Amino acid sequence: MVFMKKPALILVAITLFALTAGQTSAAMRSDPKTPDEVIRVFYKWYITAIDGGTDPFTKDRTTLKRYVTQRFITQIERDEKNGFDADELLQTQDLEKEWADSVNVSKISIRGASATAIVTFGTENYPRVTVTLLKEAGVWKIDRVRNAAQ
């Protein structure tokens, strides 16, 4: 049996702690904190998922719930069952994979626990949507998307 001397054991413990702390802080940095970060990260993920053939409402619901309120998810599912045939998060029936890398967010208007922005995709500014987010338990989530042209 090999015994470590106390200084070596302390060095191992400090190294493990530093590695774990680094991973935790890196994970925390990757979570979007501001409404505009949430919008950009969400739409990049969402458009990429759909373009890749993944339905976020069935295949990656956990990620969807990170960015969208349960109230809005329920409304979208209800609207789909009632025949709404456009994508409610994009307000269009079309989708261009290039949109994932060109999410344009206007200046955010924040009022208490609510934030609103105009979002466009690509260079043609189509679609153009008004995105409203709510702050739930300290996390901004998309709660409503409307066609900004109306």
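Me: Which residues is Val139 in contact with, leaving aside its neighbours within four places in sequence?

Reply: Val139 is in contact with Arg66 and Leu134, where contact means heavy atoms within 4.5 Å. This is a predicted model, in which local features need pLDDT of at least 70, side-chain atom pairs count only at pLDDT 80 or more, and totals for chains, interfaces and linings use all residues. Residues are numbered from 1 along each chain as its sequence is written, and side-chain values use heavy atoms, with hydrogens and water left out.

Me: Where does Val139 sit?

Reply: Val139 is in strand β5. Helices (H or I, at least four residues) and strands (E, at least two) are DSSP runs, numbered from the N terminus. Val139 is partly exposed, at a relative accessible area of 36%; buried means under 20%, exposed over 50%, and partly exposed in between, with a 1.4 Å probe and protein chains only. Its C-alpha atom is separated by 9.3 Å from that of Val38, 101 residues apart along the chain.

Me: How many bridges join β4 to β5?

Reply: Eight bridges join them, and the two strands run antiparallel. Two strands pair if DSSP finds at least two bridges between them. Leu133 has Ile142 in β5 as its bridge partner. The hairpin has two residues between the strands, and Ala137 takes a positive phi near 50° there.

Me: Changing topic: what is the overall layout of the protein chain?

Reply: Along the sequence the pattern is α-α-α-α-β-β-β-β-β, that is, four helices and five strands. Of its 150 residues, 32% count as buried. Among contacts between residues at least 6 apart in sequence, 47% join residues at least 24 apart.

Me: What about α2: how many residues has it, and how far does it reach?

Reply: Helix α2 covers residues 35-51, which is 17 residues, and reaches 24 Å from its first C-alpha to its last, close to the 24 Å expected at 1.5 Å a residue. The expected span is 1.5 Å times one less than the number of residues. Just after α2, Gly53 takes a positive phi of about 90°.

Me: Which residues of α2 are buried, and what do they pack against?

Reply: The buried residues are Pro35, Val38, Ile39, Phe42, Tyr43, Trp45, Tyr46, Ile47 and Ala49. They pack against α3 (61-67), β1 (103-105), β2 (109-111), β3 (114-121), β4 (128-136) and β5 (139-147).

Me: And Tyr43, what is it in contact with beyond four places in sequence?

Reply: Tyr43 is in contact with Leu89, Leu90, Val103, Phe121, Val129, Val131, Ile142 and Val145.

Me: How many residues are in the largest nonpolar core?

Reply: The largest nonpolar core has 31 residues, and those with the most contacts inside it are Ile39, Phe42, Tyr43, Leu89, Phe121, Val131 and Ile142. The elements that give two or more residues to this core are α2, α3, α4, β1, β3, β4 and β5, and the largest share, seven residues, comes from α2. Such a core is a set of buried Ala, Val, Leu, Ile, Met, Phe, Trp, Tyr and Cys residues joined through side-chain atoms within 4.5 Å.

Me: How many aromatic pairs does a search of the whole structure find?

Reply: The search finds eight aromatic pairs. The rings of Trp45 and Tyr46 have centres 6.3 Å apart and planes at 50°, so this pair is tilted. Rings of Phe, Tyr and Trp (its six-membered ring) pair if their centres lie within 6.5 Å; planes under 30 degrees apart count as stacked, over 60 as edge-to-face and the rest as tilted. Trp45 and Tyr67 are also tilted, with centres 6.4 Å apart and planes at 35°. That pair links distant parts of the chain, with Trp45 in helix α2 and Tyr67 in helix α3, 22 residues apart.

Me: Are Trp45 and Tyr67 buried or exposed?

Reply: Trp45 and Tyr67 are buried. Ring pairs link Phe42, Tyr43, Trp45, Tyr46, Tyr67, Trp99 and Phe121 into a cluster.

Me: Last one: what does Arg61 touch?

Reply: Leaving aside neighbours within four places in sequence, Arg61 is in contact with Pro56, Gln70, Ile73 and Glu77. Arg61 is in helix α3 and is partly exposed, with a relative accessible area of 25%.
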